[in-house]
Each structure stands twice: as C-alpha cells, then as structure tokens.
Amino acid sequence: MPRFSIIVPVYKVQGFLRECLDSVLGQSHGDFEVIAVDDRSPDGSGAILDEYAARDDRVRVLHLPENVGLGRARNAGLAQAAGDYVLFLDSDDHYTPGLLAAVAARLATTGDPDILVFDHVRTHWWGRGGRSEAADLLAAAGLETFGIRESPQYLNLFLVAWNKAYRRSFFQEHGLQYAPGLYEDAPVTYRSMVLAERIACLDRIGVEYRQRRQGAITKTPGRRHFEIFPQYEGLFAFLEQRPDLDWARPLLLERALDHMLFVLAREDRVRPADRGDFYREIRSFHRRHLPEGGFPRPDGWRGAEMRLLASAPYTTYAAARGLRDLRATALGGRRRVAKRASETALRSWYTAQSKRPLDPHLAVYSATHHRGVTGDPAAIHEKARELAPHIRGVWVVREDAVDTLPPGTDHVTPGSRRYHEVMARATFWVNNVNWPGTLAKRPGSVHIHTHQGTPLKYMGADLLTKPGARHGFDVPQMLRRADRWDYSLVAGRHAERAWERAYPCHFTSLRTGSPRNDVLVDAGPERGRAVRERLGVPDGDTVVLYAPTRRDYRRGGHVDRFDLARFAADLGPGHTLLVRLHPSLAAGVARGLGLSDLHRRGVLVDVTDEPHVEDVMLASDVLVTDYSALMFDYVLLDRPIVVHADDWGAFAASRGAYFDITADAPGHVSRSYRELAWLFASGTWQDAEAARLRSGFRERYCEFEDGRAAERVVRLLMLGERGGALLPSARRTEGARTRPEALIER
C-alpha cells in the first residue's frame, strides 16, 4: 500500500501535462501512486498518459468512456486509490520540488491527521505571483493540529481540492464525493473541514497554480456560473441531516455568501445582463438558510453587502456598489493630492536646508535600499567612529528595519523631515546602492559609492545590451544618479574596469579594497566559532554554505537549481547546510517553496536574514554558489569554493557576464547535480587543485584586499590624510608607484 495516491484528472491539457507528471514523478519521496483519469480528452493527453504509464509502473491510467467533468473524474480516480492519503492535482498545475517529502514528514510528526493543508503560488501566464493570502494562516498554525469549531478562521483557507492531503479512510468513512458542475470543490472542502477532528497545516508552497490566459472555465463569462447555487444547496442539505453540526451552519453561510458575492463581482464570470438574476439567487439562498441567531458578518464592504441581502433589491445593491466605487475613486484622488502636497513641502524644506553651510562633521550612511546597518557602509562607519569620532554618523533606515538597528544608532527614515535636513547638510554620503534622484549633490559634499561586491554579471550601462535583464530598470536614470558619485571603491583592477565601463560617469576609482571584507582578512577562528554556536551547528560539523543568485530569465528571479533536502541528505552525517538567498529574493516566494519548512525541520539552516553575511562566511568551511559576487569575498578566507553552473549558458545569455566563470573559477565547477554531489562524496571539493584555483582567482580579482580598506577610506576621504603607508599591500609588493596617488585611477 503506497503512502500517497495522487489523482490527476485530465482534459485538454496536452501542452501542460508532461510538466505536471514530471513534477510528481521527480519527487524525492517516491512512495506514491499516480492515478491519471483521462476524461475523454479530445487532444493527445490520453496518449501522453499511456506513454508515462509504460515507463513508470507508479502511473495508472483510467480512460473514461465519456466526458464526465472534473468532479466525477476525481471520484473515478478515488475509487481506484490505495494510498494512506489521497491528493488531487489538476493536470495544468504542478508540484514544487520536495513537496511529498515535506508532507510525509509533517504527517508523521502530527500523528496522521484527517487533513493536511499546504500552500500554493499562482503562476500567471506572464510569470509567477507572490505568496497566497493563506500564507499567514498556515504559518500561524505551527506544528499543532486543530478542529474548525475551535479555530473557525481556517475556513478561510483556499477552498480547492489540490492544496490538501486527505486521509483516505476519513474521506471514505464520510462518503465524500465531488458533484458535477462548476464550483465542485466548495461543498467537499467545507464538509470535510467541519467533519475533521484533526487538521494540520504545512507552511510550504506545494503547488504552482497555473493561471492560464484562456481556456479556464472559471474565467469564461456565462450562465454556467449559476452552478454555484446547487453546489452550496447540496452542502446545506447535508447539514440539515447532521444536527450535531449546527454550530457550523452560521460559519458556512458566511463563507457561502462571501463566495457568491465574489463571483458576482467578477466581470470574467457573471455577465452584466445576468447580474440581477445572480444577485436574486444569492438573496434567495440567504433567506432559505439564514439561522435563527444570524451569522457572523465580516467587517468592511463585504459585511455591508451581506446586510443588504436581507432587504435590498438588486437596483439598491447596484447603486450602493456604484457609490462605493465612486467614493473609493474620490478618496484615492484626495490621497494623491495630499501626497503631492506633502512631497512639495518636503522638497521646499530640502531646498531651504541646502542653503545652509555643509556640516563638515556629519556623514550619512545607507546600505541595500535602507535595510539596515550592513555591508561596506557599516564597516566605514565603524572605523570612522574609531578614527574620526568628531564626525557624526546618521543612518537612513526604512521604518520596518528600525528594530534591527544596534542600540544607540542615530537614524532617520526616508521621506521624513529630518531625513531631508540630514541629506541637505551632510558633507559625506556613503551608500552601496544609490541615493534617490530627487536629492541634488551639493558642491563640497563627498559621495562615496562602495558597491555590493565585485561584479561578474553585467551592471549599469552594460544592461542596455540585455533588454530582459534591464526590464524595470531605467538605465539613463541610473547613470544620472551615478553622476553624483565622487569616489568608487574597488577591490581589484577587474572591478575598476567593470565599474568604469558600467557607469561612464564623473567619479574617481579608489583602490582601497572592500571595507566589509576587512573582517575576512583579519578575523581569527574565534568569531567563526561563535557564529556557529549561535546558529546551532554541532561541534565538528563541516559547514556548507549555499548562496545562489537571482536569474534574469525568470520573472521574479528565483529558480530552484536542485532539491535542497536531497543535497543535505547526500552530504550526510557530520555536515550542516546553510542556505542564504539573494537579498532581492528574501521577501518573495522562494522561502515558501521549501526553504522555511526545511529550516523548521532541521534539515538545513536558513541564514538569509543574518544581517552580516561576513559572519555567515566565517562560520562556514566551503561555499557552493553559482554566479554570486559572494565568491569574490569568500576567496579571501582561503577556503574551498564550488561553482554550480548547470545553467551558465542561460544565465550569461540573459544577464551577460564580464568573464566566463566556468573557465576562470575559484574552485571546481559542477554542471549537473550529479557532479555536485560527486564533488562532495569523493572529497574532490577540497583537493590540491581546488586550492590552486582559488589562489589564482584571489590574485587576479582581489589585489587590493589586505584588511585595511575601511581605514583607507576614513583617512583619505574623511580626514584628508596622505601617505605611502595607506597603499594596499598588494600594490607595494609590486614595486610600482609608491605615491599615494597610486590608490587612485582617474
């Protein structure tokens, strides 16, 4: 008996079916059967199913003699299921990697509940969307099980068949079946949820829910959407027979009315000519099933709609809806006017403050779009407090990041009145990204741009040759902002050439090294041990840091290159896997696709939120990356690096690169997951050739990194000192120029 039976109804999806089946058959947890139900599909779907069944005995195909629709096709598959748990998957959707392993683990820890609910992400035809509205609810459930009577808020979870694993005996015991017609998911979902004694949640994206441009019946206007009413009539007929579920009637009436009003408001479902009839059906349903004590109405407009159902005809409802839309439009207009007035007043304040003298003892810092005290700006600020304590440092930090600041940090929030005053008066501006275009550079101010590492991928003006990568970026505006830079800090000649090519502006390249990397050069083993202890790494473990970068050939930037759970397992005992996402992906769907779940289960450690990436590097023994600039920093530790370049061709073609990292790598290169796993299984990742490669890489790309970068910036640019002692040690050993001007390349 398999652990899972996965039922896949199939109808006119030949273009998506292989992706669907591959996502199931490629799961790391293999104890399942696939029951694919060919609902008399008129295209080539049936032949595709037979092809898969012929080569994988976990796939069984039912060819129905006639088309019966989605609900009854599911029922046909259910009758053949033998697994402990039943999952339904629509054939134009697909599973995310590692889902079944995560489901199996959660079922084991929760003692086989009646239902397990997991998350999904909408994948539109133009690209992937964000986390679902259910994400917060799923996360709040934690590791406990619950019933709906005690936790009615979970009736708000997405009411579909394919985001749940049902215990098959529970499904059969209660005779759960899908009715014919549209909206067949609703009665089964609500009936099962109120019947279940134990429900568990898995805060993990398990399904990529495809939003097709056309062909989806739920997005085709017509009278078929009136089928929602008999579906809910069936649910309430069931409730009439179960007085023990009277507690659920008010809750389910609110959910039913919410669903019906949602459908009414959708122009792609109910045509304008049918809305009066549809509204009258909702009122009739409301009147028939209204409990004696009423039901809980939500706040806001939806609650107001439900109150109108008691007495208002469609004309009154339509007028109220039209008035609401007008008010929303007017309110939006007033808010836009108020916002413009506020912005005008702040610009005037900034202009007025700009007429005052610059404060020679004021420096303003920002890092990574105002996300906190990190990176090169943080290293410069720390050194300035030591060497130039008379220079007051103020950080620009977003409101949602203020709580992360070290105690006593003087800060302003973007757009505030004090922010504009500080920006107008500061002599030193230090940033690793850029300042808004609304801020003008004042004569005498010193703008220090630190960047975010040494570039491998194209940046700035070079993106003009890569239209996909520059999507959403105004390159001319980027260059206008870069025109305000006075100094660009570089770690080596490669970075110097790349930045001057990418930003053909007025700045001077300063050969200082990267200030944030000083700690990598100078730190002893104690700091790394302290970080490992804080992260919970067992003593003696080999720590593998995996740090992938974003992809420009995928909307949203996230692409799973391999199954993280499989990699952690293949590394074996005595290894701890740390994973750090690219900062631009930290708030997106990437963690919900499995990373957060694996972290909670102790399979790996998610270090994406660690504020100082230098600490993460110091805590690790080896870096696995693809094309992240982190490799140029990590090589300073003289620890092994593995470059996983299985999609180098696609990455280089879509983004562009200043050199071929597969030919000039800081360590061994893997071009498939099999090669990556072999490098670690064989010990090759840390052989003599790996040491030779990283030594040559460090010499070529990190000439000016000697642990004194922050000191150079403070002494040269803030204190105005000059002297040969400030030269990078790498430059001094060459016997070349010994004048301080050797730091500067104009």
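This is a predicted model: local features need pLDDT of at least 70, side-chain atom pairs count only at pLDDT 80 or more; totals for chains, interfaces and linings use all residues.
1. Helix α12 covers residues 314-354, and its 41 residues reach 59 Å from the first C-alpha to the last, which is close to the 60 Å expected at 1.5 Å a residue. Its buried residues are Tyr-317, Gly-332, Gly-333, Leu-346, Tyr-350 and Gln-353. The elements that cover these buried residues include the helices α9 (249-265), α10 (275-289), α11 (300-308) and α14 (417-425), together with the strand β13 (426-431).

2. Two contacts between a charge and a ring deserve a look in the model. Arg-417 lies over the face of Trp-349, at 3.6 Å from the ring centre, while the charged end of Arg-191 sits over the ring of Phe-238, 4.1 Å from the centre of that ring.

3. Strand β11 (residues 392-396) is largely enclosed by the rest of the structure, because 4 of its 5 residues are buried. Strand β10 (residues 359-366) runs parallel to β11 and is joined to it by 4 bridges, with Val-364 standing opposite Val-394 in β11.

4. Across the whole structure, a search finds 39 aromatic pairs. In one of them, the rings of Trp-499 and Tyr-503 have centres 6.2 Å apart and planes at 35 degrees, so the pair is classed as tilted; both Trp-499 and Tyr-503 are buried.

5. Trp-648 and Phe-651 form a stacked aromatic pair, with 6.1 Å from centre to centre and 25 degrees between the planes. These two residues are separated by about one helical turn, because they stand 3 residues apart in helix α23 (residues 648-655). In an α-helix there are 3.6 residues a turn, so residues three or four places apart point the same way. Trp-648 counts as buried because its relative accessibility is 11%, against a limit of under 20%, and Phe-651 is likewise buried, with a relative accessible area of 0%.

6. Finally, one aromatic cluster is formed by six named residues, namely Tyr-546, Phe-562, Phe-567, Tyr-673, Phe-680 and Trp-685.

Methods. Residues are numbered from 1 along each chain as its sequence is written. Side-chain values use heavy atoms; hydrogens and water are left out. The expected span of a helix is 1.5 Å times one less than its number of residues. Buried means under 20% relative accessible area, exposed over 50%, partly exposed in between (1.4 Å probe, protein chains only). Contact means heavy atoms within 4.5 Å. Rings of Phe, Tyr and Trp (its six-membered ring) pair if their centres lie within 6.5 Å; planes under 30 degrees apart count as stacked, over 60 as edge-to-face and the rest as tilted. A charge sits over a ring if NZ of Lys or CZ of Arg is within 6 Å of the ring centre and within 35 degrees of the ring normal. Two strands pair if DSSP finds at least two bridges between them.
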